[in-house]
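Here are some friendly notes to read alongside the structure. Take the points one at a time and look for each element as you go.

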Amino acid sequence: MSSFSMATAYDPREVEEKWYRYWEENKYFHPRVDGDQTPFCIVMPPPNVTGQLHMGHALNNTLQDILIRWRRMQGYNTLWLPGTDHAGIATQARVEEELAKEGLTRSELGREKFLERVWAWKEKYGGRITHQLRRLGASCDWERERFTMDEGCSEAVREVFIRLYERGLIYRGNYIINWCPRCHTTISDIEVEHEDTPGQLYYVKYPVKDSAESVPVATTRPETMLGDVAVAVHPGDERYRQIVGKILILPLAGREIPVIADEYVDPAFGTGAVKITPAHDPNDFAVGQRHNLPAPKVIDEGAVMTEEAGRYRGLGRYACRKRVVQDLKEQGYLLKVEDYTHAVGHCYRCRTVIEPMLSKQWFVRMRPLAEPAIKAVQEGRIRFVPERFTRIYLNWMENIRDWCISRQLWWGHRIPVWYCADCGEMIAAKEPPGRCPHCAGRELAQDPDVLDTWFSSALWPFSTLGWPKKTVDLAYYYPTSVLVTGRDIIFFWVARMIFSGLAFMEEVPFREVLVHGLVLDSLGRKMSKSLGNGVDPIDVIESHGADSLRFMLVTGNTPGSDLRFHFERLDGARNFTNKIWNASRFALMNLQDYRPSRRPAPESYTLVDRWILSRLQAAIEGATANLEAYELGEAARIIYEFTWDEFCDWYIELAKASLYGKDAQKKRTTQFILVTVLKTALELLHPFMPFITEEIWQRLPNRGQTILKAPWPAGEPDRRDLEAEEQMTVLMEITRAIRHLRSEMNVPPGSRAKALLVAPAEEIRNLLARWGSYIQDLARCDLQLTAELNTKPEQAAHAVVRGIEIFIPLKGLIDLDKEVSRLEKELAGIRQDLARVQGKLQNENFLKKARPEVIEKERAKEAELLSAREALTGRLAWLKAVNH
């Protein structure tokens, strides 16, 4: 396609769907294994199947798409493998909400019928997020799309479970787990979000049996004392040395419990004596195991007190706390209560306070799996970008606890273990066993629990490529090239993929991990429903276009750092798309008689031709080097500055003289440069802004069916011309200085000024004599050049650039008296506005009631007005001085 007609304004809605459909229909995202090509593979972090695109997804997938499109243009065999996660808790909760609207519960429906409803929900809503990723421009191979519960991934999960079980790395046992009373399931340590919460520290006296003595104990959870089995003190604590081994009477329960010595106790916390409740605290559980203590469970899965709690049974945990405190007070056991802020664990999904409790669960024994994963990173077989995340990863892996992998849900990979009703045998198998191998009994019941969602996600880099089968894709694309992920899931997902890849593929799952931060609101807060500060990427695509959103997300973004979302930056990105569109439209209007032929001889190039080709080469080299270093934001900045500042604002403006002139040879040369630079700039921009670049590239004279398959610009190193760059820099600085003086003095745009340039250096005078027309055209002035000046002009604006003095005589150009009067009026208005803003900011009532973003806006306005007042005051003083 080649067309010289372009709409006057760029409309993304007319472009984006058209080109995405063209790419997909022509299978440009679908690579075939080719031994002659180097593979480059990324597996997409699978979003929740029932979710919808949020700004975190938009950032993560934009970064991946930039890398994929860039490597594809470089000639790599690129596979970006997409997929979705079944998201156990989230999906089940969503379907249960729907059932509740019908007056049903999952228990009433039954497991089989409930799972049918979940699969139906998945089929109805599961494609929503993949459709939204298409809107973003994600160039994934949708023909290879996977789901963590599809047939192949399910086979991989069962295979891994059985292999780990047979190696003794999966076991079932009693352990303290994190229980969510609302989701009714266990969640892993890293899914618990700790928040500093105001509470109380209760000091309780525990009487020594047959003695007037007592031991003071401090606790934040007095309801759990009903499950106490000991009081522990530090063996080196002189205060309690004499009572170690004595028996205490547990207040309210009347049960006898021992005083034990254990180094776990911190003598500086509270009273230095700690109640031990093994069934409801992970540290107490460890102490209990060391001292062979019982573990009565006093709180159940609904956060209700059990039979073990005696007369408090049936009370909710907080109602019980209130009753226990009241009884302790009435019976004289409560010594004092202090306000105390401490970290309280909450469920990451529903925000309910977690209840640590003893439970029989399935675990992965982590130490044997963690050691090779630690070594792989230490030896540099996996590199984190930025490097600081290496230490974070290693710290976590070196202190890892066994992973609780069972969840009390129905939606998910069901644990492949069966129990024989006849002999009690436990059978782990990939497929349902027909009979018990121990007693040949046929009454077998499968474990009701499912595996943690992250268990299947941990296998993603190889299960999606066909493992456990030995597929062509697996042999070619594994290990993958790079993982792009948020810093918040390094422990959830990255670490688990590393040890799984090493355990089952005997190779790391990826060579590099690019870590990005979170997308925050303009005030630096996390986007959330509760704050109402979320921004829907699809709304942004509707209003600004996908290219604008993508470019805004990547510019100013550095690896590992959080990004603040500002609508002003989004508007700036949209302005950039309009700038590209308008520049391309101008170029195409001036290419109608252009016929690609032989390349012009370099001798025919003007200074500005040599300069723009040199700057183009610098942009190619800078962008490529930064992409190689994963500095995608810096690469985008380089391309942006070249395209907007150097190509659009300088070259195109200076090319007009040749394009509109009568010299045919000059025009052909300028057309050649215009096409070369525009086409290359679009190719550099394509990974960042795929839609607008394809739309314009298709209209240019070029070979190939799509910019997506165009070679990544390598340029020509001998294009670099530092002499031309230095000479143009001088001319540009003088032009800017004259433009600034005109603006400062309010010279009407249509008026042509005189500019006297005093340049002592002969080299500069020769440059200005040869190419001074550039300054005259862009600064709307007539140049007068001299080596020295005996008398300075009166009533002239003045500037100095690189030792060159610039004078613009103002007499006859502007009315100085009127200008002074105008500026005095403008200054008075600014002072008035400033007084009003400062009055607001000094008003305590306003500061208390206004939203943070409103206050921030007023402060920004104040800074802007202060700057304007200073500039106007200086200009007025100068004008008054020259007007005497």
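**Notes on helices and sheets**

1. Helix H16 (residues 537-544) packs against helix H17 (residues 546-554) at an angle of about 120 degrees, and their axes lie 7 Å apart. Axes here are lines fitted to C-alpha atoms, for helices over the stretch in contact, and angles run from 0 to 180 degrees between N-to-C directions. The two helices, H16 and H17, are therefore oblique to each other (under 35 degrees counts as roughly parallel, over 145 as roughly antiparallel, 65 to 115 as roughly perpendicular, and the rest as oblique). Helices (H or I, at least four residues) and strands (E, at least two) are DSSP runs, numbered from the N terminus.

2. Before going on, a word on the source. This is a predicted model, in which local features need pLDDT of at least 70 and side-chain atom pairs count only at pLDDT 80 or more, while totals for chains, interfaces and linings use all residues. Residues are numbered from 1 along each chain as its sequence is written, and side-chain values use heavy atoms, with hydrogens and water left out.

3. Which residues of H16 meet H17? They are Pro 537, Val 540, Ile 541 and His 544, and on the H17 side they meet Ala 546, Ser 548 and Leu 549 (contact means heavy atoms within 4.5 Å).

4. Now find helix H24 (residues 762-779), which has a kink of about 65 degrees centred on Trp 771 (the bend at a residue is the angle between axes fitted to the seven residues ending there and the seven starting there). Trp 771 is also one of the buried residues of H24, as are Ile 764 and Leu 768 (buried means under 20% relative accessible area, exposed over 50%, partly exposed in between, with a 1.4 Å probe and protein chains only). Among the elements covering the buried residues of H24 are helix H19 (607-628) and strand S27 (781-786). Just after H24, Arg 780 has a positive phi of about 50 degrees.

5. Next, an open sheet of 3 strands runs in the order S15-S23-S22, with parallel pairing (two strands pair if DSSP finds at least two bridges between them). Strands S15 (383-385) and S22 (480-486) are at the edges with a single partner strand each, so one side of each has no neighbour in the sheet. Between S15 and strand S23 (residues 510-516) there are 3 bridges, and Phe 384 has Val 513 in S23 as its bridge partner. Helix H15 (residues 490-504) lies across S15, S22 and S23, at about 165 degrees to S22.
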